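These are my notebook entries on a structure I was asked to look through. I record in turn what I looked up and what I found.

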Amino acid sequence: MPWSRRQVVAAIPAATLAAALPRGPAIAQDGRKVVTFWFAQANADGQAALRNDLVDAFNASQDKYRLQLEVKGAAINNVLKVALVAGSGPDIVQTSGPAYLTAIAKAGQVLPLDEFAGKFKWKERFLPALLNTGVYDGKLYALPRDYESMHLFYNKEVFKQNGWKLPTNRAEFEQIADAALAKGIIPFGAGNADWKGVNEWLMTVFFNNVAGPDNVRQALSGDMPWTAAPFVEAAELSKAWYRKGYFGKNYFSLTNEQSFLQVVSGKAAMAFNGTWSFGTKSYGMSQPDTVMDVVPIPGLSPAVTSPLVHLACGATLSIAKTSQNAEGAAAVFEFMLSRSFYQNMNRDWPGKWALPVKDLPPDLLQGIGYPLFEKTIAGLHAAFSKGQFGFTTWTFWPNATNSYMTEAIEQVWLNRLSTEDYLKHIQTVFSQEFREGKVPPLPPRTA
Amino acid sequence: MWLFALPALLINVCIILIPALLTLTMAFFAWDGVGPPLWAGLANFQHMFGDPVFWSALTNNFIWTAIFLTVPVSIALLMAAALLMSPRSRAVVQPIIFLPRILAVAVSGRIFQGMIFSPATGLVAWLNEHGFSIADPLADPDRSLYAVAAVDIWHWWGFLAVVFLAAMRQISIDQIEAARLDGAGFFALLRYVLVPGIRPTLTLMLILTVIYSFQVFEFIFIVTQGGPAYGSEVLATLAYRHAFFESDVGQAAAAASIMSLFGLCATAVYLWLQIRDSANAT
């Protein structure tokens, strides 16, 4: 039956009113309440793991909720913010780390999880250093999805053929790097053509392993300026190494994957890269005959005498304020803490979902057939439990400071900006963000 | 009669005018994109004018505009004139030169980045292996803007040529033949008959080029992300960085307002030219 003009005119405000009314949880065809979850980037292996080990396994594990997961890609932070403000975001809110979470929690866009945390004993189960990154204003707003760190990946065959020993300090690093350059080998495989964040991976290493984690913590607490001598030394060393060609001639042209494969192929000797690299199968690090090995990065100044790992939380998980199915979202979180999920996900997509939970010890990973990954996770678990860690830029630096630090270091390396001016500007931006309460909570460096 | 324009007007008000006014308003607020906006007065503009990256981005927009007002327009005019003179080749040449226009920007960007400029997998790598010492222009802050412009010119000039050809075909054949009989060669014909004959189309495309040049974003963001060392940063990538990496929507809105200002100037010039031509015609 065709609609009359009056009917059409009357339908418009009615539809508007209906859209504005409070919504109940969506119901799936099988009568279960739907839980929606937007995930960031996932390669083909990752998407298969998400489908099998998370979505299908969760849906099969109970009959009340149905998890619907969408992979949104690299722009998830942008999409998510807009959706949350518009009240149309997913039930499970995944951010790219505590620095992103702080703004969302401050704006009240996610629910405090304290009630669920009490019910499921999350506060007792998670490693405090990681769980504290989800606390804002005394309330828990997020669970950490994983832990990560920068590490030294190296080609042990290249080292063996050239009679090099694993460096333990700056002098030994430079000795090997110079020897490598003389032989036409790139000392450190590195490239940021597809991801500028590689700059901050490197700067995390220089700030922590040169200036020292205690100084970094002091600066992030507002007790020490970023213009202080230890940070000048850190930025200067990064510049000196770049200009000597330690990161190769094609840093701005190669993608991260291409540069890592240079290490695997022996064109480069080593790389400062993250533990997420274990998830890229083309590196072949899970193979028994891999040429690669990995260790925490040694200190690069007299202030840092032992190898250091860097505390990072690559993603946080929260529940949207507008969620109509918070219980369902909490049930998904609880499922993620199961032993079977931990083992299956880390077997199928290593390094992406290393939950920092006390009752999921790394020895659960024994038997997944990935010795390098197992030993690294065990090392991280121990170091993070004991409070022996540095602070990664993408977890603890507030957004604007981190963005400037990441972008402008290229100007320093290319001699377009002095180290002093670079650090001075970092201090200016940081001071403002510090005043505005945008620095994520800093865990103590104690057990 | 105005009722007929109402639907289009409503859509324009809702999806263009209101967001544009909101963006302009946000330039006077400090807002992280999720919390409540706070009045900031002119602070965003003061901060922006004190930022050297803003000035280099603005300069890059002017360089981009100058390049696009000359290089692709010249190539397109020459190609359009050549195709006008040789009708038989049109069927083959037109689709070929138009092809880059229908490729997704991401595809074009990745083709040039990976298959042409890359020192690992591209033409540059092959040339280096064969004795030519050539560096990746995308990795050089002094050349990266020009390298990305080359990609966009490849994508844009064929479209211009097709538009110019369509306009040239409206010119009276008598005029062209008379010029030829008077001994006009290819360039004289172009200079004295074809270009004056398509002046309204040419003006429109030049104005649109100015507007597009101040909005340019996709190619730069895909190929260099504005780098290295801000070498290819333009206002749109700067605004994006402010909004989504620094969570500073106020700064982003201030940069976007400056972008719009130049677009607005170009539109005003176009309207003025139209009014002047209409007045001359009557």
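**Entry 1: a definition to begin with.** I count two residues as in contact if their C-beta atoms, placed from the backbone, lie within 7 Å. I also note at the start that the model is predicted.

**Entry 2: A:Leu311.** I looked up which residues A:Leu311 touches, leaving aside its neighbours within four places in sequence. The contacts of A:Leu311 are A:Ala129, A:Phe384, A:Phe389, A:Gly390, A:Phe391, A:Thr392, A:Thr395 and A:Pro443. I placed A:Leu311 in strand β11 of chain A, which covers residues 310-311. Is A:Leu311 buried or exposed? A residue is buried if 20 or more other C-beta atoms lie within 10 Å of its own. A:Leu311 has 28 such neighbours and therefore counts as buried. I also compared A:Leu311 with A:Asn192: the two are 119 residues apart in sequence, and their C-alpha atoms are 22 Å apart in space.

**Entry 3: the domains of chain A.** I found chain A divided into domain 1, made of 10-144 + 314-355, and domain 2, made of 150-311 + 389-435. The centres of the two domains, taken over C-alpha atoms, are separated by 32 Å. I then looked at where the domains meet: 12 residues of domain 1 are in contact with 12 residues of domain 2 in chain A. On the domain 1 side, helices α2 (44-61) and α4 (98-106) of chain A each supply at least two residues. I sorted that side of domain 1 by class and noted 5 nonpolar, 5 polar and 2 charged residues.

**Entry 4: a sheet in chain A.** I traced an open sheet of 4 strands, with the order β8-β9-β7-β10 in chain A and mixed pairing. Which strands are at the edges? I identified β8 (186-188) and β10 (292-295) of chain A as the edge strands, since each is listed as pairing on one side only. Neighbouring strands of the sheet are turned by 25 degrees against each other on average, direction ignored. I followed one pair in detail: β7 (residues 150-155) and β9 (residues 268-274) of chain A pair in the antiparallel sense over 5 bridges. I noted that A:His151 stands opposite A:Asn273 in β9(A).

**Entry 5: helices across the sheet.** I turned to the helices that lie across these strands. Helix α9 (residues 170-182) of chain A lies across β8 and β9 of chain A, and runs at about 150 degrees to β8(A). Helix α10(A) lies across β7 and β9 of chain A, and runs at about 90 degrees to β9(A).

**Entry 6: α10(A) and α11(A).** I looked up how helix α10 (residues 197-211) and helix α11 (residues 213-220) of chain A are placed. Their axes come within 6 Å and cross at roughly 115 degrees. How are the two helices oriented to each other? Angles of 65 to 115 degrees count as roughly perpendicular, and α10(A) and α11(A) are therefore described in that way. On the α10(A) side I found A:Phe207, A:Asn208 and A:Ala211, which meet A:Pro213, A:Asn215 and A:Val216 in α11(A). By class, this contact has 4 nonpolar, 2 polar and no charged residues.

**Entry 7: chain B.** I recorded 13 helices and 2 strands in chain B. The C-alpha atoms of chain B fill a box of roughly 70 × 70 × 30 Å along the principal axes. Chain B has 282 residues, of which 36% count as buried. Of the contacts in chain B with a separation of 6 or more, 65% join residues 24 or more positions apart.

**Entry 8: where the chains meet.** I noted that the contact takes 22 residues from chain B and 24 residues from chain A. The chain B side has 11 nonpolar, 6 polar and 5 charged residues.

**Entry 9: backbone details.** I examined the loop between α11 (218-223) and α12 (235-245) of chain B, where B:Pro228 lies. A cis peptide bond joins B:Gly227 and B:Pro228, with omega about -10 degrees. B:Gln225 is found in the loop between α11 and α12 of chain B, and its phi is near 55 degrees, a positive value in a residue other than glycine. With 19 C-beta neighbours inside 10 Å, B:Gln225 counts as partly exposed. A:Asn415 is exposed, with 10 other C-beta atoms within 10 Å.

Technical notes. Residues numbered from 1 in each chain as written. Chains lettered and ligands numbered in written order. Predicted model: local features only at pLDDT ≥ 70, side-chain atom pairs only at ≥ 80, totals over all residues. Axes fitted to C-alpha atoms, helices over the stretch in contact; angles between N-to-C directions. Parallel < 35°, antiparallel > 145°, perpendicular 65-115°, else oblique. Nonpolar A, V, L, I, M, F, W, Y, C, P; charged D, E, K, R; others polar. Pairing = 2+ DSSP bridges. Buried ≥ 20, exposed ≤ 12 C-beta atoms within 10 Å, placed from the backbone. Domains from an automatic or database assignment.
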